Structures are given as C-alpha cells and as structure tokens.
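Subject: Structure handover

Hi,

Here is the structure I promised to pass on.

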Amino acid sequence: MGAQWKSKGKELVANAKGKLFSKLAKDIMLAARAGADPAGNSKLRLVVEQARKASMPKDTLDRAIKKGAGLTGEAVHFDHVIYEGFAPHRVPVMVECLTDNVNRTAPEMRVLFRKGQLGTSGSVSWDFDHVGMVEAEPATPGADPELAAIEAGAQDFEPGHEEGSTLFLTDPGDLDLVSRALPAQGFTVLSAKLGYKAKNPIDPASLSAAELEEVEAFLAAIDANDDVQNLFVGLAG
C-alpha cells in the first residue's frame with residue numbers, strides 16, 4: 001500500500017522530495033549513532049545508498065551523518081513512537097513516528113485521527129506481522145524473484161511500490177543478511193527497513209469510490225505530518 005494514495009501532481013514533486021529528504025536525514029542520523037563509516041555500519045550503508053538513489057545532495061547527506069555520529073557537537077535525540085488506529089471505514093493503520101518532541105506529536109496525531117479512530121497500544125498491531133522489508137529491482141535481465149527469495153533467505157515476496165520492483169519479506173533479524181545476499185541473485189536493493197504487514201488486509205473493491213477517497217485523504221494527511229516516518233496500512237494492493 002503506498003503509491004495509490006500518495007499525493008499526485010507535478011506541483012507537489014518538490015514538496016514530496018523535501019519530505020523524503022527529511023525522512024532519510026532522520027534515518028541517517030539514527031543509523032550514524034553506531035558509527036559514521038558506512039563500511040562498518042550496515043544500517044547506515046543501506047540508508048546512505050537509498051539517499052543517493054533519491055539524489056539527496058551530498059552536503060545534506062554528509063551533514064546528517066556527522067550530526068548523528070556526534071561530530072558536530074549538536075545533540076540529536078529522536079523518540080520512536082508508534083500510533084495505532086483506524087482510517088475511515090475501519091481500515092487499520094500503524095503510524096511510525098520519529099520525533100524530537102512527543103508532547104507536540106501526540107496531540108497532532110489525535111487531531112489527525114479525528115476522521116478515523118486512534119486506538120491504544122496493541123489494538124491494531126495484533127493484526128500485523130513485524131517483518132523486514134527489502135525493496136529491490138532486477139539488475140540483470142531475467143532475474144527471478146522467487147529464486148532470489150529462496151537463495152537470499154527471504155520468507156516471501158510480492159510486487160514492490162516502484163514499477164518493476166519486488167518487495168522481499170524477511171524475518172526481522174534477517175533484514176541485513178537478505179539485503180546483502182540479493183545483489184548476488186541479480187537484484188539491486190532500493191531500500192531496506194523493518195515494518196508491519198497486515199495479516200488480513202481489506203480489499204479496496206469492498207469500498208465505494210467515495211469511501212476510498214475518504215481513506216486516501218486521511219492517509220495523505222497523516223503522511224504529510226513532519227514526524228511521520230512510515231505508514232503501514234491494512235489495505236490490499
């Protein structure tokens with residue numbers, strides 16, 4: 001679930017890229033706490049590769065690494081918070097935030113969830129599996145995602161968000177292992193992260209066009225919040 005509800009339109013491209021860079025910078029700063037050298041920090045290496053593919057300016061990338069590693073003298077602190085609840089029409093959602101001020105984020109989430117329903121911890125997460133998610137695209141003609149999944153140690157695979165890409169699903173502890181193994185199977189890794197996959201996603205066809213539009217508007221508003229890092233939705237497709 002992703003591309004079909006993301007904001008569309010050429011006039012929004014710059015804003016979308018700025019939002020992406022902001023998310024990546026947070027991921028880079030967090031990963032860099034374990035060391036500023038991507039060669040010795042697998043999590044940082046994956047995020048740096050993702051930032052480069054997104055054309056993040058080199059000075060922005062370097063500044064995020066140095067800031068996260070404590071090389072600039074600036075204190076970096078983010079709380080990882082997950083909000084659970086429902087979009088309109090009982091579509092389950094899990095919202096992953098990285099925030100430097102929970103007292104700001106919490107009321108903002110309550111306001112955003114007014115058109116849905118904000119739940120308590122565990123109210124929705126029971127219906128999601130915690131998994132590793134590796135999105136990759138074929139680097140060689142005829143690369144077989146099923147064979148790659150087996151050889152790399154992934155648990156499953158499905159079409160990815162990017163056109164022509166594959167989303168490899170892993171055990172959370174195997175995320176880095178699978179990410180490292182996929183290039184030898186003819187795939188270039190686009191992103192790798194831990195996330196949540198709905199066990200019983202709702203079929204969009206069960207919603208009317210107007211209802212689906214309400215869900216999309218709700219998700220777009222949540223995603224636009226500066227503290228939202230990832231949004232996991234129990235909607236098939």
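Predicted model: local features only at pLDDT ≥ 70, side-chain atom pairs only at ≥ 80, totals over all residues.

How many bridges pair strand S2 with S8, and in which sense do they pair? In it, strand S2 (residues 91-99) pairs with S8 over 5 bridges, in the antiparallel sense.

Valine 81 is the residue to look for here, standing opposite cysteine 97 in S2. S1 and S2 form a hairpin with 3 residues between them, and in the turn histidine 89 has a positive phi of about 65°.

Is S2 enclosed or open to the outside? 9 of the 9 residues of S2 are buried, so this strand is largely enclosed by the rest of the structure. You can check that face by face: Val91, Val93, Val95, Cys97 and Thr99 are buried on one side, and Pro92, Met94, Glu96 and Leu98 are buried on the other.

Now for two asparagines. Asparagine 200 lies in the loop between strand S7 (187-198) and helix H7 (209-223). Buried or exposed? Asparagine 200 counts as exposed because its relative accessibility is 52%, and the cut-off for exposed is over 50%. Its side chain makes a polar contact of 2.8 Å with the side chain of aspartate 127. Asparagine 200 also lies 8.6 Å from alanine 236, C-alpha to C-alpha, with the two 36 residues apart in sequence.

Asparagine 41 is in a loop as well, the one between helix H1 (13-31) and helix H2 (42-53). This asparagine 41 has 7% relative accessibility and therefore counts as buried, given that buried means under 20%. Leaving out residues up to four places away in sequence, asparagine 41 touches Ala31, Ala32, Ala34 and Gly35.

Finally, the whole chain. The protein chain has 7 helices and 8 strands. Its C-alpha trace spans about 50 × 45 × 40 Å along the principal axes. Why call the overall size that of a compact globule? Because a compact globule of 237 residues would have a radius of gyration near 18 Å, and the protein chain has 18 Å, which agrees.

- Of the 237 residues, 41% count as buried.
- Among contacts between residues at least 6 apart in sequence, 71% join residues at least 24 apart.
- The protein chain exposes about 12,400 Å², with carbon and sulfur atoms supplying 52% of it.

Cheers

Definitions and conventions: Residues numbered from 1 in each chain as written. Heavy atoms only, no water. Helix = DSSP H or I, 4+ residues; strand = E, 2+ residues; numbered from the N terminus. Buried < 20%, exposed > 50% of the residue type's maximum accessible area, 1.4 Å probe, protein only. Polar contact = N/O pair within 3.5 Å; in protein donor to acceptor, adjacent residues only side chain to side chain. Pairing = 2+ DSSP bridges. Rg over C-alpha atoms; globule rule 2.2 N^0.38 Å. Contact = heavy atoms within 4.5 Å. Areas by Shrake-Rupley, 256 points an atom, 1.4 Å probe, with all protein chains shown as cover.
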